[in-house]
Structures are given as structure tokens and as C-alpha cells.
Amino acid sequence: MELPALSPQGVSARTRRWRRVRRIVALPIAALALAGCTVPTFGAAPGATTSSRSVYHLWQGFSIGAAIIGTLVVVLILWAVIFYRRKSDRIPKQSQYHIPLELTYTIVPILIVLGLFAATIVVENKEVANPKTNVTINVNAFQWGWKFTYPGENVVVVGQTTQDPEIVMPVNENVHINLTSSDVVHGFYVHAFNFSRYALPGVLNQFTLRAVSTGTYDGQCTQLCGLYHSLMFFRVKVVSQSEYTTWLASNANASAAQAAQKATNQQTSSVVPTKTSKSEENN
Amino acid sequence: MTDVLDPPVAAEVHDPAHEEHHGPTGFLKWITTTDHKVIGMSYTVTAVIMMVIGGAFAEIIRVQLSAPNNSLVSFAQYNELFTMHGSVMIYLFAGPFAFGALANIIVPIQIGAPDMAFPRLNALSYWLYLTGSITVLSGFFVAGGAASFGWVAYAPLSNSINTPGAGADLWIGGLLLTGFSAIFTGVNLCATIFYLRAPGMTMFRMPIFTWNMLVTAILILLAFPVLTAGLIMLYCDRHFGTHIFSVPGGGVPVLWQHIFWFWGHPEVYILALPFFGMVTEIIPVFSRKPVFGYKGMVFATMTIGALSLGVWAHHMFTTGVVLLPFFSIMSLLIAVPTGIKMFNWIGTMWRGEIWFSTAMLMAIGFLFTFLVGGITGIYLASPPLDFFTHDTYFVVAHFHSIVMALVLGAMGGLYYWGPKMTGYLLNETIGKVQFWFLFIGTQVFTLPGYLLGLRGMPRRVPVYPLHPSWQFLNQLSTVGAIMIGISTVAFMVNIVYSWKKYPAGDNPWDGHTLEWFTTSPPPHHNFYRLPRIRSERPTWDYNHPDHAAAEHGHHDKNPVA
């Protein structure tokens with residue numbers, strides 16, 4: 001990034017050069033800090049939940065670091081490639097060690113990594129926290145569809161590859177999700193939430209989503225789960241609190257829900273008993 | 001350093017004429033040999049064939065993805081294709097190419113050994129590898145087709161109910177065979193490096209490639225038995241009624257992920273370290289300088305090896321059942337030794353006299369591609385960012401940047417050591433055409449994947465009906481994949497075109513290490529004579545006695561900016 005100037009002034013020249021380097025590095029950072037909200041997106045989006053926004057800012061932070069370090073390394077490689085092409089049969093100076101320099105590029109990365117780790121922990125703790133909630137939704141993944149149950153509300157939504165189900169959830173409310181799988185490993189992924197979590201057989205995974213803007217968002221299974229993995233879609237519909245209450249009331253049909261549940265049980269459990277019987281046969 | 005040439009030390013008392021090996025030739029030689037060079041060549045040819053097969057699968061996958069609702073292959077065929085693409089590339093190409101092919105040939109010569117420590121075991125490794133490879137691939141010819149649960153075979157998708165059929169069993173059996181092959185090669189490399197070094201070849205005079213292969217071999221010994229055990233458990237679950245990974249039987253499916261990745265993450269470095277080593281041999285030779293920070297490089301390699309055993313669960317951040325901060329910091333820390341390596345490579349080129357041979361171009365292409373893959377890997381070490389990108393094309397693009405960097409390194413290794421292995425150079429013009437197709441193709445192939453992942457495209461999907469807007473980036477990626485395919489064709493053309501055309505001589509690149517001291521190809525037991533070994537560059541010291549490496553600590557007062 002800088003000319004390896006063979007200055008006769010020695011140390012003072014080096015100090016000057018370092019000041020210049022610092023200025024060059026500091027300027028864009030300061031500019032970014034001042035610009036605030038104009039930090040580039042680096043391909044990501046803030047998303048629709050509180051967590052997704054923290055993740056987005058973490059993404060931006062990582063990307064700024066990546067851009068600076070990546071640019072530095074690319075410039076160094078290009079510099080070497082352009083200016084140290086073989087021009088003669090000369091044998092260059094056989095330098096092999098420069099301990100201060102080597103220590104610098106060991107210690108500085110450690111500090112950068114610790115910084116990244118600290119930022120990670122802050123966002124992670126927010127994201128995996130399970131604050132008190134009024135709304136709980138049980139999400140069950142199966143080959144190849146989803147079942148959303150609203151415990152205590154008598155609402156069940158089931159959808160398979162032929163018909164994508166929709167989770168309805170209220171905006172500005174902590175929504176507690178209990179995620180399970182009936183058969184193989186699935187991935188519960190909502191792009192607009194910048195979030196995914198495995199649905200594991202035999203494990204109850206819990207997390208909290210807090211949507212901050214209404215709308216309908218696409219979700220999809222991201223963990224390979226067999227033949228129709230690519231068609232295992234769902235949607236998340238974030239609505240206002242009043243719309244949510246209305247929706248619950250109009251869908252709280254106990255008998256219909258039970259029927260639907262029965263149908264799903266048959267559908268999903270058709271796999272499980274086979275498993276057991278097959279294993280027994282083998283035994 | 002004295003200005004007198006060190007006299008060569010006679011390694012063998014025999015007349016060279018007596019050294020000619022009077023064994024069988026042709027097919028009989030191939031099936032009966034225990035010579036590490038012949039076994040290594042068999043490995044090389046087999047592994048490159050595997051690369052071509054795996055690459056062909058990749059081309060079909062990429063063409064299928066060039067339209068949202070393409071129907072070139074069925075869903076079932078698609079699952080088989082990406083499973084076998086990953087399996088062939090990881091288990092049957094990259095690993096065996098690194099430690100079976102190049103390490104097998106080069107490591108004994110680099111340390112002045114006559115052969116591997118256990119030549120017959122070495123031969124067994126190759127035959128296990130070949131039979132294992134054929135076993136895995138034969139899955140395509142059985143009813144129900146090849147394995148279709150992804151190269152990671154997550155339980156319970158890989159059990160006998162969700163994936164019935166012989167294809168999956170052949171996959172397990174084949175991997176057991178290649179796994180044993182890897183373990184035996186690991187044993188062999190360790191023993192060879194520890195016990196068969198020539199007089200004067202101390203550990204800290206070993207070339208970096210040999211160092212990296214030592215760490216790789218140790219990682220193989222620690223990691224592969226775990227995979228072997230896991231595969232046996234999986235097979236028992238499938239056929240003998242055990243319930244290790246099945247919930248109805250009281251088992252724990254996520255245990256498979258732990259076992260798999262306990263092997264799988266060291267495996268990433270088992271794949272990567274040999275190629276780091278190749279690049280570390282190529283860059284100094286073509287810059288006419290010693291490796292910058294040789295000892296730092298060795299310690300960085302050891303650190304990577306050690307850390308790689310404690311990061312497996314970063315593949316499992318989204319399972320919700322692992323300790324996130326621990327695996328996060330361990331994974332982030334790997335960036336430090338990897339960064340040291342990157343700066344050491346640049347430091348080696350710094351103020352050198354760089355000769356842009358095909359091998360060197362491949363090595364520089366490696367640096368750029370590995371930089372992209374390395375930096376995106378840092379994102380994935382952060383659990384919240386992993387939740388965001390896990391199982392999307394971001395991850396696919398990340399590890400393809402890494403593995404394509406390794407392919408560039410592998411090609412560099414073939415152009416660099418090919419003349420030593422065969423006695424003939426490859427055509428440089430065709431080589432450069434190959435390089436540019438491979439390098440540009442790699443970027444055009446991987447970079448759109450990052451954007452697709454950020455827009456939410458999941459892995460392992462043959463169609464994306466709800467998102468026709470992803471088509472353009474997918475097509476771009478497909479174009480890149482086709483360019484990579486063209487580069488492979490160029491490589492084949494080069495082999496045919498250059499066949500026995502350009503005799504290499506003993507030392508075509510003014511090499512540093514012992515392999516450039518012997519003939520091309522080396523005689524039966526590698527050396528008629530050896531130079532004095534007083535640094536990690538004995539051949540260079542012999543040829544350029546006035547240009548030994550600058551003393552430790554005597555550095556330029558006005559260093560790199």
C-alpha cells in the first residue's frame with residue numbers, strides 16, 4: 001500500500017510514512033462513522049425483526065473490516081506482482097526473517113479477531129435470549145411441509161409441498177417459537193429475519209422472534225431433507241395486533257383444527273411407525 | 001558461507017549403472033510395485049480422473065440451475081449428483097491427490113529418503129483407495145441409484161428408511177476403504193518424516209511442504225478413525241438394528257453431526273495444508289528467495305492443525321445444541337495463523353525476482369482465491385452471521401472459493417513437480433490459457449454465489465420456482481463453471497500435446513529443495529548423491545553458495561511498508 005521508499009532519513013521517514021498510512025486508513029473509517037446510516041449494505045438487508053437488524057449491523061461491521069484487510073492484501077499482492085517481476089538474472093537479497101514485522105501481523109490479527117468476537121457475543125446474546133412472551137407458536141417440520149400450532153388457541157395450520165402454509169404473528173410482540181421435527185433434520189429459515197435454525201428430531205429448539213414491520217415474508221427449508229426439499233416453502237405473515245386477534249378467532253375452529261391435526265398425524269406419523277416396525281423386524 | 005562448492009556426498013556406494021531397477025515393466029510393474037514414485041503416479045492419475053468425474057457432475061448441476069424450473073435432471077438424480085459431486089471431490093480427489101499423489105512422490109525425495117518407510121503398506125493404501133473409489137461410484141449402477149443424502153450424510157436422512165438401497169451402502173463401504181487408505185498413508189508419512197531423513201536434514205531444515213504433510217498426517221491419524229467409527233455405526237443402524245442415530249430407538253441423530261464434523265473440520269485442513277505447502281514451495285522458487293518467516297510458517301501450520309481439532313461445531317451453530325462462544329472464538333482464531341501464512345507468502349515475493357511460469361501464476365491465483373474464501377470464512381465463524389447464511393449459497397460460495405483455491409494450488413503443484421515426476425515439462429502457453437480460464441472461471445463461478453446466498457437461495461435445491469430473479473446470477477455462475485471445465489480440457493490437451501516433447505532436465509526451475517538435486521524422474525531409490533544439507537534449501541545452497549539466506553535477525557532496516 002505504500003512505496004517501500006529507500007529514504008536515507010531512516011526512522012523519521014518511517015514515522016512520517018506511518019502517519020500517512022494511518023491517515024489513509026483512518027479517513028474512510030471516520031467518513032463511515034460520520035455518514036452513519038449510509039454505511040453500505042454489503043449485499044445484506046436489515047430485515048424485519050429486532051434481531052435481524054442487529055445481525056445486519058454486525059454484518060456491516062465485519063464487512064468494513066473485511067474490505068479494509070482484503071484491500072490491503074490485494075494491494076500488497078498486486079504490488080509484488082507488478083513491481084517485482086523478473087527483469088534480469090539478478091539474485092535478490094535473500095532476506096528471510098523480520099521479527100518485528102512478523103510479530104505485527106500476528107498480534108494485530110489477534111486484536112482484530114478479539115474485536116470481532118466481542119461484537120459477535122453482543123449480538124448473539126441478544127439473538128438467543130428468550131424474553132417473556134405472550135405468544136407461543138409450535139412449529140413442526142416434516143417431510144415435506146410444516147405444521148404451525150397455536151397452543152391454547154385451537155389453531156393449527158398445516159401445509160405441504162402442494163400448498164404453502166402461513167405462520168401469522170403479531171408485530172412488535174415477542175413470539176416464542178418451539179421448533180421440532182417429525183422425521184429428519186430440517187432448516188427453518190426466513191430470509192427477511194436473517195435467521196435460521198435446525199428442526200432436529202428428538203430436540204426441542206426454542207427461540208424468540210420480534211417482528212418490527214408488517215408484511216409477508218418467504219420461508220423455506222434449508223437443510224437437505226430428501227426428495228422434495230426444494231419445495232418445502234412457508235410464509236410468515238406479520239400483522240397488527242388487532243388483525244392477529246381477529247385471525248386467531250376466525251381460525252380457532254377446534255373441530256377443524258383437530259381434523260387437520262389428525263390428518264397431519266397420519267401423514268407425518270406414517271413415517272415413524274414404519275421406522276419402529278422396521279427396526280423391530282431387524283431386531 | 002564459504003566460496004568453495006561443497007563436494008557432493010556419496011549417498012550410494014554403487015555405480016549408478018547398478019542402480020537401474022531390473023523389475024517387471026508395464027502392467028505387471030504397475031500392479032506389483034512398492035516404489036513410492038510409481039504408486040504416487042497411480043494416485044495422481046486416479047485422483048485427476050476423479051476430479052474430472054466430479055467436475056462433470058458439477059457441470060450438470062450448474063446447467064440444471066441455469067433456469068428456475070429446469071428439468072435437465074429429476075429431483076432424485078439431482079440429489080445423487082450433488083452428493084456424489086461432493087463425495088468424489090472431497091474423499092476421492094482432494095485428499096488422495098494431496099497426501100497420496102504429490103506427498104507420496106515428493107516428501108521422501110525432499111527429505112533425502114530412498115522410499116516411504118513402509119513401501120508395501122503404501123501399495124496397500126493405493127489399492128484400498130482405488131477399490132474404495134470404484135465402490136463409491138458403482139452406486140450409480142444399482143437399483144435406487146447412488147447415495148443421495150449429501151456428502152455429509154446427516155442422520156436420520158441417511159438411515160435405511162429415508163434412504164434405502166445399495167447406493168448408500170456402497171457409499172459407506174467405499175468411504176471405509178478410502179478412510180483406511182488415508183490412515184495408512186498418514187502412518188507412512190509420519191514414520192517416513194520422523195525416521196528416514198537424510199543426514200543433516202533436521203526438522204527445521206525440512207521444506208515447508210514436508211512440514212505441512214507431517215501436520216496433515218498427524219491430523220489424518222486423529223480424525224479419520226473417528227469417521228471410520230461413525231460410518232460403521234451408520235452401517236449398523238442401517239442393517240444390524242442398532243439405534244445409535246435414531247430417535248424412536250433412543251438414539252441421538254445429532255451425534256452423527258458431531259462425529260462427522262469432528263472428522264470433517266480437521267479434514268478441511270487435511271485438504272488445505274498440503275496445498276498451502278505446494279504454494280509455499282512454488283512461490284520462493286519463482287521469486288528466487290527463501291520462504292519469508294520460515295519458522296513462523298511452521299508454527300502457523302502447527303497452530304492451524306491444533307485449532308482445527310477444536311472447531312468442528314461451527315458447522316452446527318444452527319442446531320441450537322452447541323456452545324456457541326467457544327466454537328466461535330476457536331474458529332475466528334484460525335484466521336490468525338492463516339493470515340500469517342498469507343503475509344509470509346507476500347513477504348516471500350516482496351523484492352523478489354518473480355518469474356511468471358504457469359506454476360507461479362497458479363500460486364498467485366491461489367492467493368487471491370484463498371483470500372476471498374478465507375475472509376468469508378471469518379463471517380461464518382460468527383454464530384449470528386452463520387444463522388443468517390447457514391445452508392445458503394453463501395456457504396457454498398465460501399467453500400468453493402477455498403476448494404477452487406486448492407485446485408489452483410494442485411494445478412500449480414502439477415506444473416511445478418510434473419517435470420520431476422515424468423522428466424518432461426508441460427507447454428507453458430497452453431498452461432497459461434488453462435490458468436486464465438481456471439482463475440477467471442473460478443471467480444465468475446463463486447462470486448455470484450455469495451450474492452445468491454445473501455438473497456436467500458438455499459443449498460441443494462434443483463429448482464427455485466418462487467424466485468425467478470435468481471436466474472441471472474445462477475447463469476453467471478454456470479458460465480464460470482463452464483470456464484473451469486474448459487480449463488480442465490486445456491490441461492488434458494496440454495498433456496497430450498506436450499507428451500515427451502520438452503525434456504525437463506534435473507532442475508528446470510532453479511529449485512531449492514532436494515528433489516531438484518536428483519534426476520528427473522529420480523532413479524529407483526531416488527538419489528545417486530546428496531549435497532550437504534545445512535539449511536532448508538540444500539539444492540539452492542549447492543548451486544548458489546554465495547547466496548545463502550540472510551542470518552536470523554539481520555533484517556533490512558527499511559522493510560516492507
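What pLDDT does chain A average, and what share of its residues score at least 70? In this predicted model, the average for chain A is 82, and 76% of the residues score at least 70. Within chain A, confidence is highest in strand β6 (residues 186-190), at a mean of 96, and lowest in helix α6 (residues 271-282), where the mean is 35. Two stretches of chain A fall below 50. Residues 1-10 of chain A have a pLDDT below 50, and the model gives this stretch 16 contacts beyond near neighbours in sequence. Over residues 266-283 of chain A, pLDDT likewise stays under 50, with 19 contacts beyond four places in sequence.

Chain A is divided into two parts, domain 1 comprising residues 11-85 and 96-128, and domain 2 comprising residues 135-269. Nine residues from domain 1 of chain A and 13 residues from domain 2 of chain A take part in the contact. On the side of domain 1 of chain A that touches domain 2 of chain A, helix α2 (residues 50-83) of chain A gives the most, with five residues. The residues of this side of domain 1 of chain A comprise four nonpolar and five polar residues, with no charged ones.

In chain B, helix α4 (residues 75-110) contains a kink of about 55°, centred on B:Ala103. This helix, α4(B), is mostly covered, 32 of its 36 residues being buried. After α4(B) comes B:Gly112, which has a positive phi, near 75°.

Note on methods. Residues are numbered from 1 along each chain as its sequence is written. Chains are lettered from A and ligands numbered from 1 in the order in which they are written. This is a predicted model: local features need pLDDT of at least 70, side-chain atom pairs count only at pLDDT 80 or more; totals for chains, interfaces and linings use all residues. Domain bounds come from an automatic or database domain assignment. Two residues are in contact if their C-beta atoms, placed from the backbone, lie within 7 Å. Helices (H or I, at least four residues) and strands (E, at least two) are DSSP runs, numbered from the N terminus. Ala, Val, Leu, Ile, Met, Phe, Trp, Tyr, Cys and Pro count as nonpolar, Asp, Glu, Lys and Arg as charged, and the others, Gly among them, as polar. pLDDT is the predictor's confidence in each residue, from 0 to 100. The bend at a residue is the angle between axes fitted to the seven residues ending there and the seven starting there. A residue is buried if 20 or more other C-beta atoms lie within 10 Å of its own, exposed if 12 or fewer, and partly exposed in between; C-beta atoms are placed from the backbone.
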